Amino acid sequence: MSYSLYKFHRKPSHSNLKEIPGVSIIKPLTGLDTNLYENLKTFFNLQYPRYELLFCVQEHDNELIDLIERLREEYPDVDSQLFVGSQKFSSGDKLLKNDTMDIKNPKIYNMLPAYEKAQYPYILISDSGLLMHEHTLYDMVMCMTDNVGLVHQMPFTCDRKGFAASVEKVYFGTQHARMYMTINLIGINCVTGMSCLIRKECIDRVGGLRAFGHYIAEDYYIAYEVAKQGWKLRVASTPAQQNSGEYSVSTWIDRMIRWCKLRMRLSPLAYLEPLQECFSSAILAGIVTNYLFEWNALVVAACHILIWFILDYLMLRITQGGALPFSKFEFAIAWLLREFSSFYIYFKAFTGSSIVKWRGKEYRLGSGTRAEELSSLPLPPPAPSLLVESSSSTTLSSSSSSNSTLPVAGPHLLSSSSSSTKQSSQLV
Ligand SMILES: CCCCCCCC/C=C\CCCCCCCC(=O)N[C@@H](CO[C@@H]1OC[C@@H](O)[C@H](O)[C@H]1O)[C@H](O)/C=C/CCCCCCCCCCCCC
Ligand SMILES: O=c1ccn([C@@H]2O[C@H](COP(=O)(O)OP(=O)(O)O)[C@@H](O)[C@H]2O)c(=O)[nH]1
């Protein structure tokens, strides 16, 4: 809690903007999510002198492309490009196709062409469901001091309507925040790739993003590689604002089961996660104090739960950085639901199959989240002539190599242009 209080919502130090490096923002998109227009719009309004927006559309989707084009027309001064899945490897280059065959992570696959075109020394990988406040990019860059190689935002949520939104906010602002900040405080690699600012040179050094394409938890491996090269990993001063329009308690539970399955394959310590939940630790505290001091176990457990509940509320307020969008009563109900559902989530993740479903496709997880896809990624179809022409300039980095993969990590636990020049938008 103290670490979060120290970290979050602090004003960034002012520095000479002219010295700030450019940022290539990569937005991997898969479909027309609700709120997408509002969310993407915030990226055109960032208060930052030099950035480009690289939109990656996984599969050809007219509505999604129209939405992006509309935004690009609204903001002609913002440098942006659009990469559509079907045009990525349409040059007919067999080598390019073969190079991408072993990429199992669809997000990596989707981002590849944008990464190859990124012109700035920093890249920001930013998931589709995020909304960004106008100063956040600046804040993140300010965190990238000389010895830092990666700045990541702790996942949190925007204020949205409904009980499911409250449950998500309570989860990301209490248990998730507590563990995320604690693990980062002690210097262990715990990075979520939802919103990650990275020095491009770190990724180029291992052959580009494709080197992480074997794993579903690419975020963990990217952070692992950055730290291995001697850079520090730093939590940003503002949490990531997830603003997905499709949310429900069951969607959240399924997502948490998927994440838990990933963590289990990243570290055996993840199997201990149930022990750091409020109710299990209350039972343990009751038993231990009864054994040692003959205290009443029920009273100890009840006090433990009450104190935990109050501290969770404070933790959530710290993460939120202001008033909560729901009452204390709603907090209590959402908190209880979150606490009890966690055991269901662990049970399903620990005992369930190694298959995870992600954006409509299924993957079998191997050691270290190495993925074997069950439903195949879209293979490059012949592209429409306009796109063939425009995409022929899409090249993959010559330094890239399909052999440049990282070792299966298993339980790796690491300590871990002219400023105003705006190019016109172009369809690549
Ligand atoms: C007795 C006490 C025992 C304590 C044991 C503690 C065990 C650890 C507890 C909690 C871990 C919390 C980790 C929180 C963040 C993880 C969120 C997450 O699971 N993210 C994964 C999925 O992210 C998406 O994946 C796909 C990607 O494309 C998307 O963009 C992502 O958003 C992500 O892959 C995982 C990232 C980091 C995992 C860290 C693993 C830590 C393992 C436990 C370390 C235990 C240290 C114990 C210290 C007390
Ligand atoms: O097949 C896929 C699955 C996901 N993504 C992108 O990866 C990011 C994270 O996806 P999601 O929000 O589903 O992941 P989660 O945070 O739930 O793990 C989003 O920008 C997606 O558009 C993608 O490009 N292709």
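I started with the second largest cavity, and its volume came out at about 50 Å³. The model is a predicted one, and I keep that in mind for every entry here.

I then listed the residues around this space. The second largest cavity is lined by Lys107, Met111, Ile125, Gly193, Cys196, Ile198, Glu218, Asp219 and Ile222. I checked which elements give two or more residues to that lining and found α5 (106-117), β8 (195-199) and α10 (218-228). Of these, α10 has the largest share, with three residues. I sorted the lining of the second largest cavity by class and got five nonpolar residues, three charged and one polar.

Next I turned to the largest cavity. I noted a volume of about 80 Å³ for it.

Which residues line the largest cavity? I wrote down Tyr171, Gln175, Trp252, Met256, Arg263, Glu273, Glu277, Arg338, Ser342, Ile345 and Tyr346.

I looked up the elements behind this lining as well. Both α11 (249-266) and α14 (328-351) supply at least two residues each to the largest cavity. Which element gives the largest share of that lining? I found α14 in that place, with four residues.

Last, I took the classes for the largest cavity. Its lining holds four charged residues, two polar and five nonpolar.

Notes:
Residues are numbered from 1 along each chain as its sequence is written. Chains are lettered from A and ligands numbered from 1 in the order in which they are written. This is a predicted model: local features need pLDDT of at least 70, side-chain atom pairs count only at pLDDT 80 or more; totals for chains, interfaces and linings use all residues. Side-chain values use heavy atoms; hydrogens and water are left out. On a 1 Å grid over the protein atoms alone, a cavity is a set of points where a 1.4 Å probe fits but cannot get out, and a pocket is an open set with protein on both sides within 12 Å along at least five of seven lines; lining residues have an atom within 4 Å of a point. Grid points are joined across faces, edges and corners, and a volume is the space filled by probe spheres set on the points. Ala, Val, Leu, Ile, Met, Phe, Trp, Tyr, Cys and Pro count as nonpolar, Asp, Glu, Lys and Arg as charged, and the others, Gly among them, as polar.
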